[in-house]
Amino acid sequence: MVRVLFVCLGNICRSPMAEAVFRKQVEEAGLKDQISIDSAGTGHWHIGKPPHEGTRSLLDRYDVDYAGLKARQVKEEDVTRFDYILAMDADNLSQLHALAGRQTTGEIARLLDFVPDSNVADVPDPYFTGNFDEVYELVNEACSRLLTYICDREQL
C-alpha cells in the first residue's frame with residue numbers, strides 16, 4: 001500500500017481539498033486498494049473540524065466527495081508512516097523537514113513541484129485570499145501529475 005499525506009497550515013482548506021481531489025482521481029484510476037490518502041495541518045487550531053465552507057462548496061460544485069474529513073495536526077510518526085508527504089507551501093515544507101529530521105522514510109516535497117511548468121511554487125492559502133477556484137485548479141493539476149508520478153515510480 002502506497003501512503004500519501006497532504007499538509008497545509010490548518011487542514012481545513014488546501015490539504016483536505018487535495019485529499020478529496022486525489023482520492024477521486026485514485027478511485028477513477030481503479031487504485032483505491034493500492035493508495036491510501038490522508039491530510040493534516042502543521043497547526044492545531046482546527047483539529048476535529050470539517051473542511052472550510054469555501055472548500056466544501058467548491059468540492060460540491062465539482063462532485064468531489066469530502067465526507068468524513070476532519071482536521072488533524074501532523075504528527076512526528078507521519079514522517080515515517082507515509083511514502084509521499086506533500087506540502088502546500090514553503091513554510092509547510094520547512095516545518096515538515098524540521099519535524100522529520102533524519103527520520104523520514106518517504107519523499108517530502110511541495111505539491112506544485114509536480115507541476116514544473118507552473119508559474120507559482122506554493123498553493124496560495126484561500127483562508128486568507130478567498131480564491132478557492134485558483135486553489136482547486138492548482139491542486140487538481142498537481143494531483144493528476146502526482147498520480148502519474150506515483151504510478152510510474154511504484155509500478156501501479
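The model is predicted, so local features need pLDDT of at least 70 and side-chain atom pairs count only at pLDDT 80 or more, while totals for chains, interfaces and linings use all residues. Residues are numbered from 1 along each chain as its sequence is written, and side-chain values use heavy atoms, with hydrogens and water left out. Helices (H or I, at least four residues) and strands (E, at least two) are DSSP runs, numbered from the N terminus.

β1 and β2 run parallel and are joined by seven bridges; two strands count as paired if DSSP finds at least two bridges between them.

Next, move to N11, in the loop between β1 and α1. Is this residue buried or exposed? N11 has a relative accessible area of 2% and is therefore buried. Its side chain makes a polar contact with the side chain of S39 at 3.0 Å. A polar contact is a pair of N or O atoms within 3.5 Å; within protein, one must be able to donate a hydrogen and the other to accept it, and residues adjacent in sequence count only if both atoms are side-chain atoms. A polar atom of the N11 side chain also lies 2.9 Å from the backbone nitrogen of R72. Leaving aside residues up to four places away in sequence, N11 touches P16, S39, A40, G41, K70, A71 and R72, where contact means heavy atoms within 4.5 Å.

Just after α1, G30 takes a positive phi of about 75°.

Proceed to α4 (residues 90-100), in which N92, L93, L96 and A100 are buried. These residues cover an arc of only 100° around the axis and therefore lie on the same side of α4; the arc is that of the directions from the helix axis to the C-beta atoms. D91 and A98 are exposed on the other side. At the N-terminal end, D89 caps α4, with a side-chain oxygen 3.0 Å from the backbone nitrogen of D91. Just after α4, select G101, which has a positive phi of about 55°.

Finish with the cysteines. How many disulfides does a search of the whole structure find? The search finds zero, a disulfide being a pair of cysteine sulfur atoms within 2.5 Å. C143 is in no disulfide, and its nearest cysteine sulfur, that of C8, is 12 Å away. C143 is buried because its relative accessibility is 0%. For C151, the closest cysteine sulfur is in C143, 13 Å away and therefore too far for a bond. C151 also counts as buried, at 17% relative accessibility.

Note on methods:
Buried means under 20% relative accessible area, exposed over 50%, partly exposed in between (1.4 Å probe, protein chains only).
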